[in-house]
Amino acid sequence: METFMAKSPVEIWADGPVASPTQPNKQDIRDWALWMEGQVDPDATGTGVDFAADLTAHINDKGNPHDVTADQLGLGDVNERIGVNVPLYGDRPGDSPHNFVDTLTSGDPVSLPEIAIGVRASDENGRVRRLTGAGIVATRALYPLEPNKVYLVEFVVQRRIDTPDPSNDAVRCALAWYNQGQGVNTPAFFVVRDITTLVVGSGRVVVTALVARTAGESISIVAPAGARYARPYVQTYGTSTVTDVEVMRWVDITNASEYSPDLTALEGRVSSIESLDLGPRVEVLEEQVTAPNSVRIATVGDLAATLVPVSADTVHLLAFSEVGDGGEANYVRVAAEPSHAGKVQSADGAWWELRADIVDIRMFGANKNRPDNTAQINNAIAYAVGKELFIPPYRYVTTGLLNGVSGIAIRGVRGKSEIYSPTLPSGGSLLGVRQLQFSGVSGFSVKDVLFNASDLTPTAGMRCIWVMDCTDYTIEDSDFETPGAAVASIRSSNYMIRHNRIDLISPTGLPYHDGIIDQWDGCHDFRVIDNDIDGHNIGKYGVLVTGQATDGTANACHDFDIEDNHVQRVSQLGIWDNGRNGINYAFKIAGNQVKNVTAFHGIAVSDSRDGRVYGNLIDGVAGNGVRLFSETGAGGTFGTSNIALADNVIKNTNQAGSGSSTDGAAIAIVNTSTNGTVSGNVVDGTQHTYALSLGASTSNINAETNAFVAGTLGTTLDSGASNYVIEKPKAAFYIPTLTGITNVSAATTAQARYERKNSIVRMGGSVTVTPTAGSSGSPVRTQINISLPIASNLTSTANDLAGTAASTFGHVGGLSADTTNKVATLSFMANSTSAVTLYYEFEYTVK
């Protein structure tokens with residue numbers, strides 16, 4: 001070359017004036033630009049510059065005994081190589097593959113082969129090294145770790161194709177350590193960061209750290225003892241992922257300080273150079289430097305105040321309002337103002353629209369420290385039609401109604417993602433007070449969110465989630481702390497409410513809605529499954545299904561299942577299918593546990609038909625375990641029809657101590673209930689008046705194969721039922737009390753077996769009696785009383801109770817009624833004083 005730069009670019013930027021050693025001299029920058037123009041200006045030589053020939057001539061001028069040419073040096077056509085493809089970027093494996101290797105082998109790094117894994121690819125940020133599956137990309141250089149030096153290590157990676165299991169297909173950014181002989185040190189490496197959740201949606205991920213040999217302020221990595229070199233590397237795992245490695249940078253920042261030079265003159269020179277039409281490579285270079293297609297801006301407010309280059313079609317925002325607030329998002333340039341709130345207009349007048357498949361409420365300004373996030377969350381919901389809406393694991397305060405949309409999937413972190421409402425407006429007597437409402441929409445779901453309204457004292461009915469005229473939805477795995485209903489569904493269908501935890505918490509100790517999980521006015525084809533409901537002695541009904549509109553219009557609920565729920569400590573009814581004038585039908589109530597109902601009944605069915613109540617456990621309720629009836633005071637007249645009660649376990653009913661034959665029974669069927677079956681049920685306890693009570697106007701009830709422990713007044717009561725059958729009872733067991741009457745020295749009993757059919761009880765067992773006196777020649781009459789399993793007012797010695805007894809050694813006896821003590825008397829003739837075992841069987845009438 002004929003002329004040379006007075007200073008190289010490296011010298012210009014490294015050696016500033018004495019007054020500011022780290023600040024480049026602007027005059028040096030101008031001299032360099034003028035020299036560069038002179039080299040590429042065609043007018044300087046008339047025909048342009050032949051760089052290859054000039055380089056060869058220069059080598060010859062300086063002495064070249066071996067006649068080495070530019071081509072032999074591998075420079076090729078220097079005119080052609082001066083474009084943007086020249087690998088000038090030593091910290092970018094896509095641009096300078098010769099500066100990177102795919103091994104962590106120790107020794108002389110110069111001898112290692114160039115990286116072989118992956119391919120060179122181009123993305124929106126330039127050339128990258130693209131890896132499929134597992135692999136390592138490491139710097140060829142072993143960077144020295146000098147005393148009293150601070151180094152910045154930086155990695156930039158991006159996922160291009162996701163994996164089904166990102167936690168096992170992580171990306172590791174790390175440092176390998178080498179000793180003074182460039183051998184592997186012990187320990188051999190340090191993990192800067194394992195990125196276990198890297199997905200395409202993560203975008204461009206930057207990992208940085210400060211490294212030094214000794215600890216100090218802001219130093220995040222201290223080299224281990226013996227380490228004198230470091231080699232940054234990125235390691236990918238898995239088989240199907242595709243990952244870009246964009247940057248791997250090591251910089252000595254010991255004396256670094258921020259400086260932003262005035263580049264106005266230099267930019268003008270670059271524009272002049274471009275006008276010389278050096279070809280498409282310079283155009284690409286200019287486009288990447290001065291006309292990017294993507295820019296990074298701090299916040300929404302900053303974007304609104306920015307003149308965005310016209311070349312940019314995407315903007316990556318680092319935050320919503322302040323760095324670290326979680327509102328990081330991508331926006332794209334659009335031709336017109338979007339109709340939703342996910343938009344920003346930049347200072348140049350361009351409109352930018354949010355693009356996100358998983359929408360974080362923080363992208364719209366929701367903040368855990370904000371006193372009211374109602375507007376922000378509603379904006380996020382309105383944008384998220386057909387998308388997933390994420391609520392981060394913090395408490396977000398709302399004081400207004402949130403309005404759900406079709407197709408949204410609201411997600412959180414269970415027990416941590418909380419919508420808390422210390423106050424809410426009332427929607428009137430029908431709508432009440434609501435945290436989240438869905439009206440006339442479909443295809444939505446709510447999962448893993450905590451709804452907390454526990455501090456509210458509403459002026460109308462409280463419902464955390466209100467659903468009206470909707471279809472195809474799921475509310476699951478969520479938690480509710482509410483003084484009223486958790487979920488209320490009206491005129492809705494094809495839905496499921498499952499796996500939720502609900503606690504009734506009221507600052508006044510009063511409930512502010514009837515049903516905790518409530519549905520009415522024609523809901524159908526739904527399931528309420530495996531919910532854990534604790535009324536805390538405040539809530540009225542655990543699960544309620546009502547076949548009537550609020551204005552009293554009949555509208556039956558049908559084709560529904562209430563299964564495997566746990567309901568406890570409600571005041572009125574654990575589960576109530578309440579058809580009223582709509583007459584609910586086609587349902588099942590199965591596998592539920594209802595415990596500790598403080599005022600009324602466990603499971604109730606009123607004014608409904610064609611249903612099954614089976615496999616439930618009811619324990620510790622104030623009134624009936626199961627009650628079939630008609631709610632005559634609220635429009636009900638039908639009673640029940642074709643209801644099957646089967647295989648339920650009912651224990652410890654009538655805890656309120658009612659003496660009523662109906663309200664105190666374990667199972668009560670009353671008020672025009674017809675055509676039902678009661679089979680395979682178990683009734684146990686000591687306080688129920690009857691195991692089964694059949695009320696007036698009931699008919700065609702078939703009770704069979706049940707195991708009933710008799711109540712305080714008996715086992716079964718007929719108070720005017722007709723055409724009923726109580727047969728084939730399961731046997732019950734009883735240990736009677738024995739009382740010696742005549743010639744009894746001692747007596748013991750085995751467990752007796754008894755069963756009841758209508759008013760007749762049959763009992764059999766054995767007693768062992770030791771007579772006081774008796775011989776074969778002079779037998780003595782011996783008598784012993786046996787208590788009854790079901791009390792009866794015996795009045796006739798011969799007619800009310802009769803039976804026989806016998807031993808294996810020829811003793812025979814008989815049983816009759818003791819009308820004074822209301823027990824059975826066994827009589828036989830003792831022919832010795834030896835103990836004798838008699839086996840007896842008798843029947844008596846329950847009176």
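Which residue in β17 does Tyr331 stand opposite? In the predicted model described here, Tyr331 faces Leu354 of that strand. Residues are numbered from 1 along each chain as its sequence is written.

Strands are DSSP runs (E, at least two residues) numbered from the N terminus, as are helices (H or I, at least four residues), and two strands pair if DSSP finds at least two bridges between them. Strand β15 runs antiparallel to β17 (residues 351–354), and four bridges join the two.

Pockets and cavities were located on a 1 Å grid over the protein atoms alone: a cavity is a set of points where a 1.4 Å probe fits but cannot get out, a pocket is an open set with protein on both sides within 12 Å along at least five of seven lines, and lining residues have an atom within 4 Å of a point. Grid points are joined across faces, edges and corners, and a volume is the space filled by probe spheres set on the points. The second largest pocket is lined by 40 residues, of which Gly201, Ser202, Gly203, His316 and Asn330 lie nearest its centre. At least two lining residues come from each of β6, β13 (294–297), β14 (314–317), β15 (329–334) and β18 (358–360), and β15 gives the most, with four. The lining comprises 16 nonpolar, twelve polar and twelve charged residues, where Ala, Val, Leu, Ile, Met, Phe, Trp, Tyr, Cys and Pro count as nonpolar, Asp, Glu, Lys and Arg as charged, and the others, Gly among them, as polar.

The search of the whole structure also finds three cavities of 30 Å³ or more. The second largest cavity holds about 50 Å³ of space and is lined by Ile377, Ile381, Leu389, Ile391, Leu402, Ile410, Ile419, Leu436 and Phe451. This lining divides into nine nonpolar, no polar and no charged residues.

Strand β6 also takes part in an open sheet of six strands, with the order β2-β3-β12-β6-β9-β10 and mixed pairing. The edges are formed by β2 and β10 (221–222), each with a single partner strand, so one side of each is left without a neighbour in the sheet. Ten bridges pair β6 with β12 in the antiparallel sense, and Ile161 stands opposite Val242 in β12.

The structure holds 33 salt bridges, defined by a side-chain nitrogen of Lys or Arg within 4 Å of a carboxyl oxygen of Asp or Glu. In one of them, the closest N and O atoms of Glu124 and Arg160 are 3.1 Å apart. This pair links distant parts of the chain, 36 residues apart: Glu124 lies in the loop between β2 (119–123) and β3 (126–132), and Arg160 in strand β6 (residues 151–161). Glu124 is partly exposed at 35% relative accessibility, as is Arg160 at 26%; buried means under 20% relative accessible area, exposed over 50%, and partly exposed in between (1.4 Å probe, protein chains only). A salt bridge also joins Lys149 and Asp252 (3.4 Å, N to O). Lys149, in the loop between β5 (143–144) and β6, and Asp252, in strand β12 (residues 242–252), are 103 residues apart. Both are partly exposed, Lys149 at 24% and Asp252 at 38% relative accessibility.

Technical notes
Predicted model: local features only at pLDDT ≥ 70, side-chain atom pairs only at ≥ 80, totals over all residues. Heavy atoms only, no water.
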